[in-house]
Amino acid sequence: MPLIESANPADVVTPLQPLFPKVLKAAYMVAPDRQKEITDVMARHNLRIQLHENTGEFTMEAVASPFYPRLSVGLGSLERVWAAAFGYIVLFEISAEQHRKRRAGKPVGKASHIALVEATTLLNWAFVAAHEGERLPWPDAPSPSHPFPSADLMRSVETNFIAMVGWMLLHEIGHFACGHCDPVDSSEPAVPVEAHRREHEADHWAHAQMTAVADPMICRGNICSIPFALGVIAGINHRATDSHPSLANRLKKYMTDFASPLAASQPDVRATVNMTAVVPLQALIALGGTFPANLAPFPDLNGYLEWWERTME
Ligand SMILES: [Zn+2]
């Protein structure tokens, strides 16, 4: 039976067109060891992936329709995820470079990167689109159809984009796996405390699939891409809402329950994941008009998140 379906993806006009085959398989690609479990959940709920041309809010959701249960994925949202992946990777590379210089006792200097202008353009575009709730025309910037001259950078962006999409799909599949979409469960009043509990539970389910990967390269990439995925779905809406906990809260849980234990025996992974965790927040600060001349290191993530919550509220 077809477990993944989309509405004529070949007909949809988007610069992400070349990545569609991978987008549709993203949940399997990031959790190759859990394909059977994921397939079972999808089959049990007769779940399909629906790509559609949304124009409004960020759409990546589990739809518990008795006629067409699905993972609804808005193309405008996917485009923003790719743009954020590009911007985040560039900010991450700047952070990593500055981290190396600090450790070597060299002067850090001003933030620089061959793609900093493109990264800023794409991040701005993604956050304006999120703020306006519109699917905006692609800006004058790289895309999967118009790659940046650096092939290494484009490969890195693509890998992270697929990992971010994979996590998002697994989070939505997690809502089904955890029974949140069962008829009885979903008819309960959606009080914030219960809604937040479900979000954390779906996060936990997705984290568990993506961190139980034997291939060390995929596992390491996943550990570092999850904060990017959380960051982009939080977008400009970084505070807690009735339906979702705050980004800071979700990141803290991820770091405590998954990233820290996994990184305990691998110091280089710890440094990398700490940097990826703060990149989405640095991007928000940068877009707030205070693009830092150099990106300060944040070895203490909790301290940073608390500072960030105070500053941004
Ligand atoms: Zn959710």
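Select helix 5 and helix 7 (residues 192-211): they pack at an angle of about 120°, and their axes lie 8 Å apart. Helices here are DSSP runs of H or I with at least four residues, strands are runs of E with at least two, and both are numbered from the N terminus. Axes are lines fitted to C-alpha atoms, for helices over the stretch in contact, and angles run from 0 to 180 degrees between N-to-C directions. Helix 5 and helix 7 are therefore oblique to each other. On this scale, under 35 degrees is roughly parallel, over 145 roughly antiparallel, 65 to 115 roughly perpendicular, and the rest oblique.

Now show the side chains at this contact. Helix 5 brings W167, L170, H171, G174, H175 and A177. Helix 7 brings R198, A202, D203, W205, A206, Q209 and M210. Contact means that the C-beta atoms of two residues, placed from the backbone, lie within 7 Å.

A word on the model before moving on. It is predicted: local features need pLDDT of at least 70, side-chain atom pairs count only at pLDDT 80 or more, and totals for chains, interfaces and linings use all residues. Residues are numbered from 1 along each chain as its sequence is written.

**The whole chain**

Zoom out. The chain has eleven helices and three strands. Along the sequence, the pattern reads α-α-β-β-β-α-α-α-α-α-α-α-α-α. Of the 313 residues, 41% are buried. A residue is buried if 20 or more other C-beta atoms lie within 10 Å of its own, exposed if 12 or fewer, and partly exposed in between, with C-beta atoms placed from the backbone. Take the contacts between residues at least 6 apart in sequence: 73% of them join residues at least 24 apart.

Two strands pair if DSSP finds at least two bridges between them.

Strand 1 and strand 3 (residues 70-74) run parallel and are joined by five bridges. Pick Q50: its bridge partner in strand 3 is S72.

**Helix 3**

Go on to helix 3 (residues 75-103). Its 29 residues reach 41 Å from first C-alpha to last, close to the 42 Å expected at 1.5 Å a residue. The expected span is 1.5 Å times one less than the number of residues. Helix 3 is largely enclosed by the rest of the structure, because 21 of its 29 residues are buried.

Centre on V90, in helix 3. V90 counts as buried because it has 27 C-beta neighbours inside 10 Å. Setting aside neighbours within four places in sequence, V90 contacts H113, A115, L116 and A119. Draw a distance from V90 to V157: their C-alpha atoms are 9.0 Å apart, across 67 residues of chain.
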